[in-house]
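Let's walk through this one together, starting at the DNA and working back into the protein.

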Number of protein chains: 2
Amino acid sequence: MEINRSDISQTFINLFIGELKFTDEEFELLLSHMNLELIPRKSFYLKAGNISKQKAYINKGCTRTFTVDEKDREHIMFFSFEDWWIADFESYYTQQPARQYIQAMEDCELLCIKKCDLDRLEEQIPKLRFFFNEKKQKMIFATMNNLREVKSLTPEERYLNLIKKHPHIFQRIPQQYIAAYLDIEPPSLSRLRSRLSKK
Amino acid sequence: MEINRSDISQTFINLFIGELKFTDEEFELLLSHMNLELIPRKSFYLKAGNISKQKAYINKGCTRTFTVDEKDREHIMFFSFEDWWIADFESYYTQQPARQYIQAMEDCELLCIKKCDLDRLEEQIPKLRFFFNEKKQKMIFATMNNLREVKSLTPEERYLNLIKKHPHIFQRIPQQYIAAYLDIEPPSLSRLRSRLSKK
DNA sequence: GAAGGAGGTTAACCCGGGTTAAGAATTCAT
DNA sequence: ATGAATTCTTAACCCGGGTTAACCTCCTTC
């Protein structure tokens with residue numbers, strides 16, 4: 001869908017015009033390659049088996065990125081909110097089928113750009129390549145920290161970390177999904193919460 | 001320590017001369033910036049708090065990369081063997097203090113190159129940059145798969161995966177370290193193994 | 001060959017998470 | 001407002017991992 005200029009969040013504009021010092025021409029060039037996708041709550045932006053062909057900026061809404069194991073259990077790798085960029089990292093860079101699902105947790109407005117277009121744009125606007133390289137780097141560090149956390153903390157500690165870092169999350173994400181993020185079953189999260197509230 | 005040409009493993013030579021088609025001059029240039037470090041068993045190649053200033057090729061030996069949590073428990077992120085490159089990823093790229101330890105599990109011979117030298121060499125030999133970018137990419141995917149695995153598999157399943165993928169590991173790594181890799185205590189690994197052998 | 005140390009196993013007990021099912025609370029649709 | 005559906009909580013039971021301590025190898029080392 002065509003992007004209506006009035007749809008774009010101020011944060012997005014600040015990012016490119018303010019922080020990255022894009023000229024108006026550069027910004028227009030970028031926008032001309034982006035599409036607006038409206039993803040209704042519960043529908044999928046990406047399914048495992050498909051190829052992640054584009055990056056999407058979350059203009060509004062939030063998503064969960066998860067995998068399904070052999071016992072059909074869903075494991076949420078992370079939630080994404082406004083001002084995040086989403087894609088299946090491995091699939092995007094290898095253009096092989098994704099192993100993850102990305103599902104809208106609320107009605108989402110996504111500003112999307114195809115990999116082939118972005119690759120070309122990065123040639124024309126080096127700032128853009130720099131920006132996404134930085135993003136990539138941060139993504140890697142975040143994943144490693146995540147791994148460290150999952151390996152060394154109990155579900156209770158991870159729960160406490162989560163509410164410390166993202167207190168807002170409980171207003172937007174149903175509890176069963178928080179449980180799937182913590183890799184425990186909903187009854188366990190319930191027990192954990194009641195255990196904590198008694199302290 | 002100076003590198004004696006006869007110390008270098010055939011695998012290392014095959015990698016640069018065979019696969020990457022380095023000319024003799026390029027290979028000599030690379031070697032002229034590399035040092036041989038001999039790390040005795042149990043001593044540390046890197047400690048948390050220090051900066052990971054170089055990459056090291058494992059010519060011989062193996063290491064474990066681990067973190068220590070608040071309860072002083074060690075969590076092994078991965079083991080590394082011959083023909084792997086080691087460094088604390090985050091520390092190397094940010095030049096900030098590392099959060100991980102790298103310890104020799106056997107007497108190790110490491111072929112080391114400083115970040116500043118490698119950065120300069122990558123300018124002169126683009127193949128080198130390409131090679132390490134590929135390595136970096138693979139490292140990311142491996143970390144993500146690792147995270148997926150830790151989130152979705154039981155310790156028993158992770159144990160079975162480990163012996164399937166690296167059957168040799170048990171000949172070189174004492175069991176208590178395997179337990180630390182699986183994030184369980186040594187008695188649990190013992191029980192798990194006796195449980196499995198009865199089946 | 002005795003003493004010490006490191007690595008691995010076993011036993012007993014505790015506790016938290018999985019499982020299942022039932023019930024309570026909320027949300028949603030008509 | 002009412003009923004249905006979804007979400008969350010609670011209870012009961014099982015089981016696997018943590019903890020601690022004892023014990024058993026096997027290997028050093030003097």
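## Around DNA strand C

Sorted by class, the surface near DNA strand C has seven nonpolar, six polar and five charged residues. Here Ala, Val, Leu, Ile, Met, Phe, Trp, Tyr, Cys and Pro count as nonpolar, Asp, Glu, Lys and Arg as charged, and the others, Gly among them, as polar. "Near" asks for a C-beta atom, placed from the backbone, within 6 Å of the molecule or strand.

In total, 18 residues surround DNA strand C, and the closest are A:Ile184, A:Ser188, B:Gln175, B:Pro187 and B:Ser190. Two or more residues each come from helix H6 (155-165) and helix H9 (186-197) of chain A, plus helix H8 (175-182) and helix H9 (186-197) of chain B. H9(B) gives the most, with six residues. Helices (H or I, at least four residues) and strands (E, at least two) are DSSP runs, numbered from the N terminus.

## How to read the model

This is a predicted model: local features need pLDDT of at least 70, side-chain atom pairs count only at pLDDT 80 or more, and totals for chains, interfaces and linings use all residues. Residues are numbered from 1 along each chain as its sequence is written, while chains are lettered from A and ligands numbered from 1 in the order in which they are written.

## Strand E8 of chain B

Five of the seven residues of strand E8 (residues 108-114) of chain B are buried (20 or more other C-beta atoms within 10 Å of their own, all placed from the backbone), so E8(B) is largely enclosed by the rest of the structure. Strand E1 (residues 34-39) of chain B runs antiparallel to E8(B), joined by six bridges, and B:Leu36 has B:Leu111 as its bridge partner.

Note on methods
A residue is buried if 20 or more other C-beta atoms lie within 10 Å of its own, exposed if 12 or fewer, and partly exposed in between; C-beta atoms are placed from the backbone. Two strands pair if DSSP finds at least two bridges between them.
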